[in-house]
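Please look over the model below together with its sequence.

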Amino acid sequence: MKKVLFLLSIVAVLFLAACGGGESEEDNAADNSAENNSEEATDNNEESAVIKVGASSTPHAEILEEAVPLLEEEGITLEIEEYQDYVLPNDDLADGNIDANYFQHIPYLEQTIADTGYELENLGGIHIEPMGVYSQSIGSVDEIPEGTEVILSNSVTDQVRILKLFESEGLITLDENVDENSFDSIVENPKDLKFSPDYAPEFLPELYHSEEDALVVINTNYAIGAELNPLEDALFIEGEESDYVNVVAVRAEDKDDETLNKLVEVLQSEDIQNFIIENYNGAVVPVGGEN
């Protein structure tokens, strides 16, 4: 009898141990799975990066949208903050509200730095937007009447650019002895053009529609946004040799940031260059890493 009880005790112990061991293995498997998932999530968080970039709606934000999946392949999430003016993107960049901006050409960035003291850097050139001159009623340069009003941007850097454009068309002559051209540097103006540099760039397309007898100089991004085709609708337009390359700007402290430099690398890639060429039909010209 004692032997029988002893054997039953051993069987019971083994059974309980087996049951207990099975539960432990399942628990361990669950714990290991949870731990692995946690480690994987941590690794993903370490590998991914989020950057916020300020941009004009057209074409800059559109180009950035095209870059989103390419950046995701690099483990970078791009958030795009759209702006409708030329002042806030640099203010917000300097204040740390965004990580970079992509809306301005080099002379405008340099002028902003000189005026504000912001410590900003050009991280790389992406494209050129040729400046165009538009008119509702004037069909060619030869048909421009004497005394025609020229409505243009109140941006000083835009004004210098526009004066050079008008000189290239033989409409004015600038004093070659001055370093920085202004309206005072016009030495010949045979058509007696009346320059009105009083308007915010974003309002110029509206003036094109309302001021039918005037010449209106419109930045290409605003022209495209107003459904104008710069190559077809402009009376005359800058050539591809323009020095006004649109760039990605960052705070000086971030100029070596790997993620932001990867952003520029993607925007200068063949995929994005081809998108610009195919989508804007020459109204926006990629620079392929120049400047």
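The sections below cover the basis of the model, then a helix, a strand and the ring pairs.

## Basis of the model

This is a predicted model, in which local features need pLDDT of at least 70 and side-chain atom pairs count only at pLDDT 80 or more, whereas totals for chains, interfaces and linings use all residues. Residues are numbered from 1 along each chain as its sequence is written, and side-chain values use heavy atoms, with hydrogens and water left out.

## Helix H10

Helices (H or I, at least four residues) and strands (E, at least two) are DSSP runs, numbered from the N terminus. In helix H10, which spans residues 270–280, Ile272, Phe275, Ile276 and Tyr280 are buried, where buried means under 20% relative accessible area, exposed over 50% and partly exposed in between, with a 1.4 Å probe and protein chains only. These residues lie on the same side of H10, because they cover an arc of only 100 degrees around the axis, the arc being that of the directions from the helix axis to the C-beta atoms. Glu270, Asp271 and Glu278, on the other side of H10, are exposed.

The cover over the buried residues of H10 includes helix H2 (57–72), strand E4 (120–128), helix H7 (220–225), helix H9 (258–267) and strand E13 (285–286), with contact meaning heavy atoms within 4.5 Å. Just after H10, asparagine 281 adopts a positive phi of about 50 degrees.

## Strand E6

Strand E6 (residues 149–153) is largely enclosed by the rest of the structure, because four of its five residues are buried. Two strands pair if DSSP finds at least two bridges between them. E6 runs parallel to strand E9 (residues 194–199), to which four bridges join it, and isoleucine 151 has serine 196 as its bridge partner in E9. Strand E10 (residues 215–218) also pairs with E6 in the parallel sense, over two bridges, and here isoleucine 151 stands opposite valine 216.

## Aromatic pairs

The structure holds nine aromatic pairs, where rings of Phe, Tyr and Trp (its six-membered ring) pair if their centres lie within 6.5 Å, and planes under 30 degrees apart count as stacked, over 60 as edge-to-face and the rest as tilted. The pair of phenylalanine 103 and tyrosine 108 is edge-to-face, because the ring centres are 6.1 Å apart and the planes stand at 75 degrees. Phenylalanine 103 is buried at a relative accessible area of 3%, and tyrosine 108 is buried at 14%.

The rings of phenylalanine 183 and phenylalanine 195 have their centres 5.6 Å apart and their planes at 45 degrees, so this pair is tilted.
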